[in-house]
Amino acid sequence: MTDYRPYHGSSEWVTLTDEEIDYAQRVGLEMRKLSLRNKHRDYRAEMNKEFSEKQAQKNQALGEVADLASRKFFGFSMKLVTENYKKADLPHNIEVRLIGEDRYGLRVYKKDDASRRVVGVVIPPGKERGPYRIAGWIIAADAIQDCWEMAPYGGRPMYPVPQEHLRPMSELKSLTRGPIECDENMPAQYVLL
């Protein structure tokens with residue numbers, strides 16, 4: 001069995017202002033409303049009946065805080081979008097995932113685009129206002145390993161990559177210095193100001 005524990009060896013720390021945190025949380029709540037309106041599946045709620053709407057809203061808000069912290073780390077635009085489903089969260093094919101406990105692994109799913117660069121931002125309970133630890137990253141295809149596969153609550157399989165197996169953020173930051181990859185078929189996105 002895999003031993004999950006925090007690993008700070010390649011972590012980077014980011015601080016957001018109160019205004020930035022509040023902005024990210026508002027965008028997250030708007031995204032949750034749109035998701036419900038569009039009838040997107042909520043796998044966590046389906047598998048765990050104790051998972052409440054309030055928890056779902058909190059997770060979505062924290063996910064956007066993680067996104068904004070990552071944007072700040074890379075020096076990308078600090079504008080968040082409310083409709084970005086199935087597209088990478090950040091330029092350069094970067095997907096941002098919330099790691100909700102200091103010791104948890106970075107979740108990757110089989111349905112993820114195999115070429116995505118998945119970044120994990122640690123925001124444990126009690127640390128919602130930061131500073132935020134970006135634990136590292138991995139290419140989605142590299143995360144799909146039998147030794148990491150699990151299906152909590154009998155749900156869809158996921159691959160929580162232990163933090164010590166993540167690549168350093170400095171490596172990914174150097175890869176983002178080139179031109180941004182554009183998707184001409186990307187639908188219009190709605191930006192909250």
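Biologist: Which residue forms a salt bridge with Glu-128?
Modeller: In this predicted model, Glu-128 forms a salt bridge with Lys-58, and the closest N and O atoms are 3.3 Å apart. Glu-128 lies in the loop between E4 and E5, while Lys-58 belongs to helix H3, so the pair ties together parts that are 70 residues apart in sequence.

Biologist: Is Glu-128 buried or exposed? And what about Lys-58?
Modeller: Glu-128 counts as buried because its relative accessibility is 19%, and the cut-off for buried is under 20%. Lys-58 is partly exposed, with a relative accessible area of 43%.

Biologist: How many salt bridges does a search of the whole structure find?
Modeller: The search finds eleven. One of them joins the side chains of Arg-129 and Asp-18, at 3.3 Å from N to O. Arg-129 sits in the loop between E4 and strand E5 (132-139) and Asp-18 in helix H1, so this pair ties together parts that are 111 residues apart in sequence.

Biologist: Which residues are linked in a network with Arg-129?
Modeller: Asp-18 and Asp-22 are linked with Arg-129 in a network of salt bridges. Arg-129 is partly exposed at 39% relative accessibility, and Asp-18 is also partly exposed, at 47%.

Biologist: What about Asp-112 and Lys-111?
Modeller: Their side chains meet in a salt bridge of 3.9 Å, N to O. Asp-112 counts as buried at 14% relative accessibility, whereas Lys-111 is exposed, with a relative accessible area of 58%.

Biologist: Changing topic: why is strand E2 largely enclosed by the rest of the structure?
Modeller: Strand E2 covers residues 94-99, and six of its six residues are buried, so the strand is largely enclosed by the rest of the structure.

Biologist: Which way do the residues of E2 point?
Modeller: Ile-94, Val-96 and Leu-98 point one way, and Glu-95, Arg-97 and Ile-99 point the other way; all of them are buried. In a regular strand the side chains alternate between the two faces of the sheet.

Biologist: Do E2 and E4 run parallel or antiparallel?
Modeller: E2 and strand E4 (residues 117-122) run parallel, and six bridges join them. Within E4, Val-118 is the bridge partner of Glu-95.

Biologist: What else lies in the loop between H3 and E2?
Modeller: His-92 lies there, and His-92 is buried, with a relative accessible area of 3%. A polar atom of the His-92 side chain is 3.1 Å from the backbone oxygen of Thr-176.

Biologist: What is the C-alpha separation of Met-31 and Val-81?
Modeller: It is 8.5 Å, although the two residues are 50 residues apart along the chain. Met-31 belongs to helix H1 (residues 18-37) and is buried, at 8% relative accessible area.

Biologist: Finally, how many helices and strands does the protein chain have?
Modeller: The chain has five helices and six strands, in the order β-α-α-α-β-β-β-β-α-β-α along the sequence. Buried residues make up 44% of the 193 residues. Of the contacts with a separation of 6 or more, 68% come from residues 24 or more positions apart.

Notes: Residues numbered from 1 in each chain as written. Predicted model: local features only at pLDDT ≥ 70, side-chain atom pairs only at ≥ 80, totals over all residues. Heavy atoms only, no water. Helix = DSSP H or I, 4+ residues; strand = E, 2+ residues; numbered from the N terminus. Buried < 20%, exposed > 50% of the residue type's maximum accessible area, 1.4 Å probe, protein only. Contact = heavy atoms within 4.5 Å. Pairing = 2+ DSSP bridges. Polar contact = N/O pair within 3.5 Å; in protein donor to acceptor, adjacent residues only side chain to side chain. Salt bridge = Lys/Arg side-chain N within 4 Å of Asp/Glu carboxyl O.
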